[in-house]
Number of protein chains: 2
Amino acid sequence: MPRYKITIEYDGTNYSGWQRQEKDPSIQEEIEKAAVNFLHHEITLTGAGRTDAGVHALGQVASFDTDKEFTNFALCSAFNAWLKPQPIVVIDAQKVDDDFSARFSAIERSYIYKILNRKFRPALMENRCWHVPQELDVDAMRDSAQIFLGKHDFTSFRAAACQAKSPIRTLDEFTITKENDMILFHLRAKSFLHHQVRNLVGTLKLVGEHTWTKQDVQNALDAKDRKAAGPTAPACGLYFEKVLY
Amino acid sequence: MPRYKITIEYDGTNYSGWQRQEKDPSIQEEIEKAAVNFLHHEITLTGAGRTDAGVHALGQVASFDTDKEFTNFALCSAFNAWLKPQPIVVIDAQKVDDDFSARFSAIERSYIYKILNRKFRPALMENRCWHVPQELDVDAMRDSAQIFLGKHDFTSFRAAACQAKSPIRTLDEFTITKENDMILFHLRAKSFLHHQVRNLVGTLKLVGEHTWTKQDVQNALDAKDRKAAGPTAPACGLYFEKVLY
């Protein structure tokens, strides 16, 4: 039975997140519902990452099985015809081997977090960034971000609901750039804990506003206690960027 | 009587454009209406440029007179309190000299035009870009764009409704960059004709898809006839970026 891998861009604002829920509409459910219209059978998507409510994706990846054969273009087009006009678009599709899993075959995931750092609220980026009115010290945040690079116990930065067996993760990139008023956090790792990116950004924001020092950040990591770290940054600033296999 | 200059960011999608209209809501009207609430008198805004329906602004500028005195921060905050939740935000305010005009004192205006160049429609940039599915040759467009640099008679690229006395304009910059799937056109001039940016981009798109050669572009410019040039690119891809004084 052919297995396909699809890459999806979405605006997470009006969804309960990636994963199918009892009640509220999820991205996974909308794509699975779209598929039934042209596959004429139900599918279950395996996603590369479970994005939370309000989190966006530039390149979420999911895999599924079907007994139908498609060209890559035809499969994307069929999904998009049925997903329209929702802000969920299948931007790529590929036939993959039987043992491929969008979740378990991933060797690297990357996220971008966007902070609009100016006095007044966004007009064009509403629901697409975290608006922080007080000026943030980007150099100080960049310096403290170095603490998180490499292999660490990220217990202080994982959600209480996190289902991962181990709190150990290896962060391969944590760079911070600025484009006009927008501060961009770029993170790469094989995998992330639940809320890890948002908790790291929420903690670095304390450094950016000079509430915390680099030593405070080190202490938070060392404490291995969620209560020792900073607050969770809002979902709307987070983008699941891409997955490597 | 104090004169103020305000800088405005807006999402033009649901407005009839900058300029006040008989019927449909315009950006100018919404800001003038907001002002009455805290100035307690009517104002008339002079805008740096008249953006069309659906065109966005990162830094439109307008000037107006009032007998009240404000700090820059207080004036922005007052406007934004009354403009909320509309996607129109006053991001800067400054007291200026009596002879300042947002329109006539401008020495340079800049625009950005965004084309999303990929097979499938945008999820995150809907209404914020022109979606062109066929692959465009950026180098060819960049080469042809050189034709428009400097002082020219832009009759072939002005709207029939254009009210400017002269079709002569001097284009100081026309650069084209690419960021992932997004092609960005950057244009700078003292002033632009009505639809000039959109007509230039619509014409270069013909070059990008290899329908037109560089010579065809030169012929269109030389013809001094709107019918000789390419179609008008959609409003949703255009951003009024900033104004220098």
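Leaving out its neighbours within four places in sequence, His186(B) is in contact with Tyr111(B), Ile112(B), Glu173(B), Phe174(B), Thr175(B) and Thr177(B), where contact means heavy atoms within 4.5 Å. Before we go on, bear in mind that this is a predicted model, in which local features need pLDDT of at least 70, side-chain atom pairs count only at pLDDT 80 or more, and totals for chains, interfaces and linings use all residues. Side-chain values use heavy atoms, with hydrogens and water left out, residues are numbered from 1 along each chain as its sequence is written, and chains are lettered from A and ligands numbered from 1 in the order in which they are written.

Back to His186(B): you'll find this residue in strand β9 (residues 182-189) of chain B. Helices (H or I, at least four residues) and strands (E, at least two) are DSSP runs, numbered from the N terminus. The side chains of His186(B) and Thr177(B) are joined by a polar contact of 3.1 Å. A polar contact is a pair of N or O atoms within 3.5 Å; within protein, one must be able to donate a hydrogen and the other to accept it, and residues adjacent in sequence count only if both atoms are side-chain atoms.

**Around helix α4**

In chain B, 13 of the 13 residues of α4(B) are buried. Buried means under 20% relative accessible area, exposed over 50%, and partly exposed in between (1.4 Å probe, protein chains only). Just after α4(B) comes His210(B), with a positive phi of about 65°.

Over in chain A, Glu209(A) sits in the loop between α4 (196-208) and α5 (214-223). Glu209(A) is partly exposed at 24% relative accessible area, and a polar contact of 2.8 Å joins its side chain to that of Gln134(A).

**How the two chains meet**

Take chain A, rotate it by 180° with 0.0 Å of shift along the axis, and it superposes on chain B with an RMSD of 0.0 Å. The two copies are therefore related as by a two-fold rotation axis.

Between them, chain A and chain B bury about 2,100 Å², 61% of it on carbon and sulfur atoms. Buried area here is the accessible area (1.4 Å probe) that two parts lose on being put together, summed over both. Phe120(A), Arg121(A) and Leu124(A) supply 39% of the area that chain A buries against chain B, more than any other three residues.

**Salt bridges**

A salt bridge is a side-chain nitrogen of Lys or Arg within 4 Å of a carboxyl oxygen of Asp or Glu. The whole structure holds 28 of them over all chains, and two cross the interface of chain A and chain B. Here are some examples:

| Pair | Closest N and O atoms |
|---|---|
| Glu9(B) and Arg118(A) | 2.7 Å |
| Lys68(A) and Asp67(A) | 3.3 Å |
| Asp139(A) and Arg142(A) | 3.0 Å |
| Asp143(A) and Lys214(A) | 3.2 Å |

Asp143(A) lies in helix α3 and Lys214(A) in helix α5 of chain A, so this pair ties together parts that are 71 residues apart in sequence. By contrast, Asp139(A) and Arg142(A) both lie in helix α3 (residues 138-145), three residues apart, about one turn of the helix. Asp139(A) is exposed at 53% relative accessible area, while Arg142(A) is partly exposed at 31%.

Key. Least-squares fit on C-alpha atoms with pLDDT ≥ 70 in both.
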